[in-house]
Every structure is written in C-alpha cells, then in structure tokens.
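Subject: Structure handover and findings

Hello,

Here is the structure for your files. My notes on it follow below.

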Amino acid sequence: MYEAILLSLKITGISTLISSFLGIITAYIFNKHDFRGKSILETLFLMPIALPPTVVGYLIMLGIGKKSTFGHFLYKNFGINILFTWQAACIAAIVVSFPLIYQNAKNAFKYVDEDIKDAARVDGACELKLFWFIIIPIALNGIIGGVILAFVRALGEFGATLIVAGNIPGQTQTIPLLIYFSIGSRDNRTANILVVLIMVISMSLVLITNKLLRRDEIQKKSTE
C-alpha cells in the first residue's frame, strides 16, 4: 500500500509539473495569437476530458508503443519500451490533466487588462518581463486553481493508466489501481484506507481551488 501511495505521489507530482508548464505556455500563446487551425488544436487539447479514459489510454498506447514511429525509434536505438512502466503512467496523467491547466490558465489570461499590458510596454517592459512580472501575478489565482485541479485529476487517473502501464505492484500500481484490485480481492481494509486518503486530499485541494476562484471574482468586481 505504501509503495502505491509513494508511486502515485511521484507520478502525480512529475506529471503536474510537466502539464502545468506546457499548459501555461500553450494557454498564453493561444490567448495572445489567432491563427488558422487554432480551434481544431484547442479541440484536440480538450478531447481527453470528453473521451472515455480507456479510449485515451488506447490512443496513448498507439502513440508510444513499439509499433509507433516514436516507440519504434526508442526501442530500436536505445532498447527502451515505455509501455508498462511508471513513465507510461506519467504520460497518461499528463494527457488527462493538461486540459484542466490549459483551460484555467487561458481563462485567467483573458481577464488581464490590456491597458495594464500597454502601460508596461510604454515603460519599456519586453514581452518576457511582461509575462513574468505583470501577466502571471495578475492571473496567478486562476493558474494555481488549474494546477490544483490538474494535480487532483492526475492523482485519480485510472483507465488510461491501466491500459498503458498495467497493474504491476511496486512499479506501476497507483492508488486508484490498488483500490480497484483490492475491492476485487475483497481486501476492504486497504480499499477503505486508500479511499479515505484520496478523498481527503482531493476535497482539501478542491476547497482551496474554490477559495482562490472566489477571491479572483472579488478582485475582478472591485476593479470594475
């Protein structure tokens, strides 16, 4: 049980860092620029929310398996097979959590006043300084809310993980997987402990998210 908890925290932590970095940068670029095919790309970004987890897992398997271009390259040149490893579970967590941080960050960037950006540019701020010292601080509550939701989603990932990583104790067995197989083997004690643990973590983080979003709404009303 402890191995599953530590592995889940490891996978969730790494995947949240990666999905947050990719989600924030992508959201900023897509919020700032309009280009042909943008709506199609955004639809693809958000598809993991709409698709069944098993379908997401199957698509990931097609993308990283030995028969795929990427998977074949890794296996042929380095002898690496990503499937049924903790790294595969991490990829699944990144894919399913990315839409949450992307959508929240994009919404947060929309509410940054253009007048503030223009004033910073007049004062000599380059785009990089404008991003780090003006836009990020103003949009911070929304971004943090997205990161927390991405963390919760990654922590609870089950279907895609089972397809691409399997259920190998000590190697790919995460909390949701252990709960599922504990119920199947009638190990209610383990299942109950893990259910309570994941509920406490998730509820606490969602409460924090709600407080941040509420604070964001208050700040927006005060500036109107």
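Before the findings, a term: a helix here is a DSSP run of H or I at least four residues long, and helices are numbered from the N terminus. Please also keep in mind that this is a predicted model.

Overall layout

The chain has ten helices and zero strands. Along the sequence the pattern therefore reads α-α-α-α-α-α-α-α-α-α, in DSSP terms. Along the principal axes, the C-alpha atoms fill a box of roughly 65 × 45 × 25 Å. The chain counts 224 residues, and 40% of them are buried. Its accessible surface comes to about 12,900 Å², with 66% of that belonging to carbon and sulfur atoms. Taking contacts between residues at least 6 apart in sequence, 71% join residues at least 24 apart.

Helix α6 and its ends

Helix α6 covers residues 114-122, and Asp 113 caps its N-terminal end. The capping distance is 2.8 Å, from a side-chain oxygen of Asp 113 to the backbone nitrogen of Asp 115. After α6 comes Gly 124, which has a positive phi near 100°.

Salt bridges

How many salt bridges are there by the rule applied? The count comes to seven. One of them joins the side chains of Glu 127 and Lys 32, at 2.9 Å from N to O. Glu 127 belongs to helix α7 (residues 127-155) and Lys 32 to helix α1 (residues 2-32), so this pair ties together parts that are 95 residues apart in sequence. Both ends are partly exposed: Glu 127 has 32% relative accessibility, and Lys 32 has 37%.

Glu 127 also meets Arg 121 in a salt bridge, at 3.0 Å from N to O. Arg 121 is partly exposed as well, with 34% relative accessibility. Lys 32, Asp 118, Arg 121 and Glu 127 are linked in a network of salt bridges.

Thr 190

Thr 190 lies in helix α10, which runs over residues 188-223. Is Thr 190 buried or exposed? At 11% relative accessibility, Thr 190 counts as buried. Its side chain makes a polar contact of 2.7 Å with the side chain of Asp 187. Setting aside neighbours within four places in sequence, Thr 190 is in contact with Met 1, Leu 178 and Ser 182.

Ile 64

Ile 64 is placed in helix α3, residues 53-64. Ile 64 is buried, its relative accessible area being 9%. Not counting residues up to four places away in sequence, Ile 64 touches Phe 70, Gly 71, Ile 82, Leu 83, Ala 88 and Ile 91. The C-alpha atoms of Ile 64 and Leu 74 are 9.2 Å apart in space, while the two residues are ten apart in sequence.

Nonpolar surface patch

Leu 17, Ile 18, Phe 21, Leu 22, Ile 25 and Ile 29 make a nonpolar surface patch of about 550 Å². Of these residues, Leu 17 lies in helix α1. Leu 17 counts as exposed because its relative accessibility is 63%, where the cut-off is over 50%.

Cysteines

How many disulfides does the structure hold? The number is zero. A disulfide is a covalent bond between the sulfur atoms of two cysteines. Among the cysteines, Cys 90 counts as buried, at 5% relative accessibility, and Cys 126 counts as partly exposed, at 39%.

Regards

How values were computed:
Residues numbered from 1 in each chain as written. Predicted model: local features only at pLDDT ≥ 70, side-chain atom pairs only at ≥ 80, totals over all residues. Heavy atoms only, no water. Polar contact = N/O pair within 3.5 Å; in protein donor to acceptor, adjacent residues only side chain to side chain. Helix = DSSP H or I, 4+ residues; strand = E, 2+ residues; numbered from the N terminus. Salt bridge = Lys/Arg side-chain N within 4 Å of Asp/Glu carboxyl O. Buried < 20%, exposed > 50% of the residue type's maximum accessible area, 1.4 Å probe, protein only. Contact = heavy atoms within 4.5 Å. Patch = residues over 30% accessible without salt bridge, like charges linked within 9 Å, V, L, I, M, F, W, Y side chains within 5 Å. Areas by Shrake-Rupley, 256 points an atom, 1.4 Å probe, with all protein chains shown as cover. Disulfide = S-S within 2.5 Å.
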